Amino acid sequence: VHDTWRMQPALERALLSGALPELARDALGERPVLFQDHLVSKLPGTADVVKWHQDFSYWPLAEPRGVTMWVALDDSDAENGCLHYLPASHLDGERQPADFVIGATQPARQDLPPLLVESSGVAVPAAAGDVLLHHPLVLHMSPTNLSHRPRRAWSITWVTGAARWRPAHAAHPYLWTLQPSDGEALDPGRFPRPSQRSLQ
């Protein structure tokens, strides 16, 4: 579910004040801008594997000036499909986008090096309520949920005030709903900045 903070007042409050925007500010070194959020779910026994990918591959933005925040809503471990990271992979720069779920068709990017991972990465378990943050170029994935427990999470994208649109970079629902122009700044009326008072 995309842009859930617009549907639930409690989620809106959590994103515009309190601990989450403070963590984003600390990670970015400046006042964060809320770009998007998603509720994601791996139900028990599903075969869904989210393949290795970089989050920036799916942002219609010019540069990876941001951070992904992943809030565990259930306990997440190796059995029910916790996140796996490839440490320091962001230092290798942007790679070709991956079709990380069945049916997704990402545009070919022959100008980028291929995304090749010959590692199982590092599993990062998280208890319900834990928050993970990662660079938008860090390679990560999550395997099948082999348990009888759900693995739900809230994924939040924060960017800096310097973020600019680049529609050609990635397909995204915002391109149809907002029709941004290349190089345009993010509209503060649509992409809120948590108040300075809330970040004290």
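**View 1. Salt bridges across the structure.** A search of the whole predicted structure finds eight salt bridges. A salt bridge here is a side-chain nitrogen of Lys or Arg within 4 Å of a carboxyl oxygen of Asp or Glu. Side chains of opposite charge can pair when their charged atoms come close. This is a predicted model: local features need pLDDT of at least 70, side-chain atom pairs count only at pLDDT 80 or more, and totals for chains, interfaces and linings use all residues. Residues are numbered from 1 along each chain as its sequence is written, and side-chain values use heavy atoms, with hydrogens and water left out.

View 2. R149 meets D77 in a salt bridge, 3.0 Å from N to O. This pair links distant parts of the chain: R149 sits in the loop between β7 and β8, D77 in the loop between β3 and β4, 72 residues apart. Helices (H or I, at least four residues) and strands (E, at least two) are DSSP runs, numbered from the N terminus. R149 is partly exposed, at 29% relative accessible area. D77 is partly exposed too, with a value of 24%. Buried means under 20% relative accessible area, exposed means over 50%, and partly exposed lies in between (1.4 Å probe, protein chains only). The side chain of R149 also meets that of E79 in a salt bridge, at 3.2 Å from N to O. Again the pair links distant parts of the chain: E79 lies in the loop between β3 and β4, R149 in the loop between β7 and β8, 70 residues apart. E79 is partly exposed, with a relative accessible area of 45%.

**View 3. The D3, R6 and R190 network.** Salt bridges that share partners join D3, R6 and R190 into one network. Within it, D3 bridges to R6, and their closest N and O atoms are 3.8 Å apart. D3 is buried, with a relative accessible area of 7%. R6 counts as partly exposed, at 40% relative accessibility.

**View 4. The sheet β1-β8-β3-β6.** Four strands form an open sheet in the order β1-β8-β3-β6, with antiparallel pairing. The edge strands are β1 and β6 (131-134), and each pairs on one side only. Neighbouring strands are turned by 20 degrees against each other on average, direction ignored. Helix α1 (residues 9-16) packs on this sheet and touches β1 and β8; its direction makes about 45 degrees with that of β8. Axes are lines fitted to C-alpha atoms, for helices over the stretch in contact, and angles run from 0 to 180 degrees between N-to-C directions. Strand β3 (residues 66-72) and β8 run antiparallel, joined by seven bridges. Two strands pair if DSSP finds at least two bridges between them. V71 stands opposite W154 in β8.

**View 5. T157 in strand β8.** T157 belongs to strand β8. T157 is buried, with a relative accessible area of 3%. Setting aside neighbours within four places in sequence, T157 is in contact with V33, L34, F35, Q36, W59 and V67. Contact means heavy atoms within 4.5 Å.

View 6. Strand β4 (residues 83-85) pairs with β5 in the antiparallel sense over three bridges. L83 stands opposite V124 in β5.

View 7. P143 lies in the loop between β7 (140-142) and β8 (151-159). Not counting residues up to four places away in sequence, P143 touches K42, D48, V49, G81, C82 and H84. The C-alpha atoms of P143 and L112 are separated by 25 Å, at 31 residues apart along the chain.

**View 8. A nonpolar surface patch.** V1, M7, L39 and L73 form a nonpolar patch on the surface, with about 370 Å² of accessible area together. Patches are made of residues with over 30% relative accessible area and no salt bridge: like charges are joined within 9 Å, nonpolar side chains (Val, Leu, Ile, Met, Phe, Trp, Tyr) within 5 Å. Accessible areas come from the Shrake-Rupley method with a 1.4 Å probe; for residues, only the protein chains shown count as cover. L39 is found in strand β1 (residues 33-42). L39 is partly exposed, with a relative accessible area of 33%.
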